[in-house]
Amino acid sequence: MSHDATANDDPLDLGGVIPPMVTAFDEDESVDYETTADHARFIVDRGVHGVFPLGTNGEFALLDGDEQAGVVEAVVDEVGSEVPVIAGVGAPSTYHTVERARRAAEAGADGLVVVTPYYFPIDETGAVEHYRRVAEATELPIYVYHIPSKTGNALSHATLDALAEIDGLVGVKDSSKDVPWLSRAIDDHPDLVFLAGSDSLQFPGRLVGCTGGVSAVANALPELLVDLHESYSAGDIEHARECQSTLYRVRDAFKGGPYLAGVKAALSLRGFDAGPLRSPLRGMDDEERSALEATIRAEGLL
């Protein structure tokens with residue numbers, strides 16, 4: 001979609017496949033920065049268009065500020081010269097979000113992904129003030145991360161209208177799975193970049209105007225998502241739709257165990273060991289892992 005340049009146009013021109021990277025841990029659950037950087041290398045070498053450390057799949061809420069800054073630095077050092085690195089910096093408080101935004105910028109991030117504050121309910125005034133303060137604290141472009149099922153805080157269209165007025169706020173990663181909300185938001189805001197935040201909506205998201213997507217499955221099987229994106233971009237809508245069909249089945253298999261466990265299990269099936277999840281999250285057991293492997297093999301992805 002062509003539109004007139006505005007102050008909010010995305011300087012990173014984000015689009016394509018942007019995996020919400022895993023954070024690797026040692027067996028004692030301390031952060032393994034070297035393997036985390038290796039994961040960035042793994043997905044970039046397989047064609048992804050950007051990386052997003054410290055999203056949900058990066059277990060960001062289980063990491064402290066020093067660990068988060070260390071992850072961003074490790075990822076930037078490894079792939080920052082090749083693809084945009086957009087770092088998650090969200091926290092329940094504006095105070096900590098601003099601090100994490102500053103540290104991510106110092107660590108070399110190209111953009112910041114700011115999840116709506118979570119746990120405590122916030123109203124429109126609180127949401128707008130939150131994002132305004134974060135935007136004023138950094139020169140990096142800011143992407144709103146909208147995931148009401150996890151935060152408890154959904155954004156209304158009116159709130160998004162107000163957020164769009166903030167200088168430096170350039171896009172939205174939408175994981176609401178509310179396609180009418182997303183479709184209208186895109187229609188209302190041609191000046192913002194939108195990324196589909198659910199594996200179930202990579203193809204449909206592009207149909208309603210997303211420039212790309214943040215896909216958990218792309219952490220382990222980036223080739224499938226790159227194929228979907230490149231096919232769609234080239235106008236081969238039928239093949240892109242087939243990739244999404246495969247993605248539905250793979251996504252279901254990833255969810256056949258504890259929350260978030262599928263990605264690290266699938267990575268291990270490809271010979272990449274990212275270690276355990278940080279407690280209280282836990283990995284797949286042997287039976288769950290075998291079922292995941294069977295599906296990935298059946299789809300010809302191993």
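User: Which strand is Y145 found in?
Analyst: Y145 sits in strand β4, residues 142-146; strands here are DSSP runs of E, at least two residues, numbered from the N terminus. Keep in mind that this is a predicted model, where local features need pLDDT of at least 70, side-chain atom pairs count only at pLDDT 80 or more, and totals for chains, interfaces and linings use all residues. Residues are numbered from 1 along each chain as its sequence is written, and side-chain values use heavy atoms, with hydrogens and water left out.

User: OK, and what does the UniProt "active site" annotation cover?
Analyst: Y145 and K173, according to the unreviewed UniProt entry; such annotations may be inferred rather than shown by experiment, and positions follow the numbering used here, with feature names shortened. They're spread over 29 residues of sequence but cluster in space, with a largest C-alpha distance of 4.8 Å.

User: Is Y145 buried or exposed?
Analyst: Y145 counts as buried because its relative accessibility is 3%. Buried means under 20% relative accessible area, exposed over 50%, partly exposed in between (1.4 Å probe, protein chains only).

User: And where's K173?
Analyst: In strand β5, residues 169-174. K173 is buried too, at 5% relative accessibility. Leaving out residues up to four places away in sequence, K173 touches several residues, including F52, Y145 and H146; contact means heavy atoms within 4.5 Å.

User: Switching topic: how many disulfides does the structure hold?
Analyst: 0, taking a disulfide as a pair of cysteine sulfur atoms within 2.5 Å. For C210, the nearest cysteine sulfur is that of C243, 17 Å away.

How values were computed. Helices (H or I, at least four residues) and strands (E, at least two) are DSSP runs, numbered from the N terminus.
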